Amino acid sequence: MKKFEYMEKYGFEQLCFFQDKDTGLKAITCVHSTVLGPGLGGTRFWNYATEDEAIEDVLRLARGMTYKNSVAGLALGGGKSVIIGDVKQLRRDSVRREVFWRTFGRYVNGLSGRYITAEDMNTTTQDMKYVHMETNYVAGLPGRSGNPAPYTARGLYKSMLACCEHVFGVSSASGKTVAIQGMGAVAYTLAEYLHKDGANIIFSEMDDEKAQKAIYDFGAKRVALDDIYSVDCDIYSPCAMGATVNDVTIPQFKCKIICGGANNVLKDAPVHAKSLRERGIVYAPDYVVNAGGVINVSHEFADKGYIEEASISDIDRLYLRILEILRTADEKGRLTYEIADEMAEARIDAVRKVKGIRC
């Protein structure tokens with residue numbers, strides 16, 4: 001990847017690399033856009049195979065946050081951080097864990113508010129408490145909006161009901177079979193909603209403890225990791241890593257809807273969104289359906305402070321936003337991701353003109 005060419009093409013502002021030899025910290029922070037406000041996005045901890053893989057992930061995620069925050073109507077831009085390493089090894093040493101995250105917080109503070117971090121995959125509110133010891137540019141702390149996962153799951157569930165309304169004519173998942181990839185915090189809470197609604201749940205998960213809990217709590221059926229794409233289901237919900245909708249998986253799908261909590265689920269958006277439409281599969285743009293967590297976090301910055309009821313009210317509006325996108329795409333014969341992108345870009349362009357920003 002020619003990084004400067006890629007950043008220029010997609011409007012990236014900043015890509016930063018942080019390392020600390022003593023703690024083993026290897027972090028990359030990307031600020032995609034600050035037109036709407038400071039770039040907000042969580043910190044993901046993952047054992048990436050290569051540095052280039054980590055760079056590609058943080059770039060895609062940061063840009064996705066810009067679009068997510070824009071469509072959600074937030075006064076926030078897009079940013080993201082990824083940390084390369086084994087999170088389980090770090091958590092075995094409480095002293096090292098504190099120093100590790102405080103070091104990261106010191107680096108975040110050095111960005112002077114252009115980027116605000118929060119928890120994400122494999123990071124916790126406790127980690128963010130350590131980050132907060134070194135910087136105020138962190139959200140999702142205990143006593144404020146807290147863990148974003150339950151709110152992400154709520155928005156995802158409401159979006160899924162909108163998809164059901166659009167495809168099946170009823171805003172309920174009762175009697176529907178939902179295939180969930182992954183059973184992490186967001187997916188588990190989603191499964192709770194679906195189970196109460198009377199849905200049948202099939203899932204894949206590499207962690208045996210998480211899998212057994214889902215089987216016990218929801219009567220869910222577990223399948224092998226690579227088999228989740230080909231199960232007979234009404235809805236496929238990718239809730240793990242991105243790019244799982246691709247040339248290999250699309251021919252296997254037997255669903256009517258794809259609506260998941262993972263980011264960047266389309267490997268190549270123009271190509272794979274078109275392939276899904278040709279197969280009669282409705283795709284709900286991921287950065288819209290999974291915006292519940294960031295909407296909740298954004299309420300920390302409200303004039304009256306964080307009020308959960310106000311946050312939930314805003315999250316539940318995702319139902320109407322998804323319906324609008326799906327119906328507009330049908331009316332115009334367009335791809336759903338194109339409609340969502342245009343909504344995001346129109347708002348960013350309007351604010352750019354008001355602020356007099358030329359680039």
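A note to myself before I start: a crossing is called left-handed if the near helix is turned anticlockwise from the far one by less than a right angle, and right-handed if clockwise. My helices (H or I, at least four residues) and strands (E, at least two) are DSSP runs, numbered from the N terminus.

**Ground rules.** I am working with a predicted model, where local features need pLDDT of at least 70, side-chain atom pairs count only at pLDDT 80 or more, and totals for chains, interfaces and linings use all residues. Residues are numbered from 1 along each chain as its sequence is written, and side-chain values use heavy atoms, with hydrogens and water left out.

**Overall look.** I looked up the secondary structure and found 14 helices and 12 strands. The C-alpha atoms fill a box of roughly 50 × 50 × 45 Å along the principal axes.

**Helix pair.** Next I checked α6 (residues 149-168) against α12 (residues 308-316): their axes come within 9 Å and cross at roughly 35 degrees. Axes here are lines fitted to C-alpha atoms, for helices over the stretch in contact, with angles from 0 to 180 degrees between N-to-C directions. The crossing of α6 past α12 is right-handed. Y151, R154, G155 and K158 of α6 meet E308, I312, I315 and D316 of α12, with contact meaning heavy atoms within 4.5 Å.

**Second largest pocket.** I then turned to open space. A pocket is an open set of points on a 1 Å grid over the protein atoms alone, with protein on both sides within 12 Å along at least five of seven lines; a cavity is a set where a 1.4 Å probe fits but cannot get out, and lining residues have an atom within 4 Å of a point. The second largest pocket has a volume of about 590 Å³. Among its 21 lining residues, R60, R63, N264, L266 and A269 are the closest to the centre. Helix α2 gives the most to this lining, six residues.

**Cavity.** I found one cavity of 30 Å³ or more in the whole structure. The largest cavity holds about 40 Å³, a volume being the space filled by probe spheres set on grid points joined across faces, edges and corners. Its lining is R60, L61, G64, M65, K68, N263, N264, D286 and Y287. Helix α2 supplies the largest share here, five residues.
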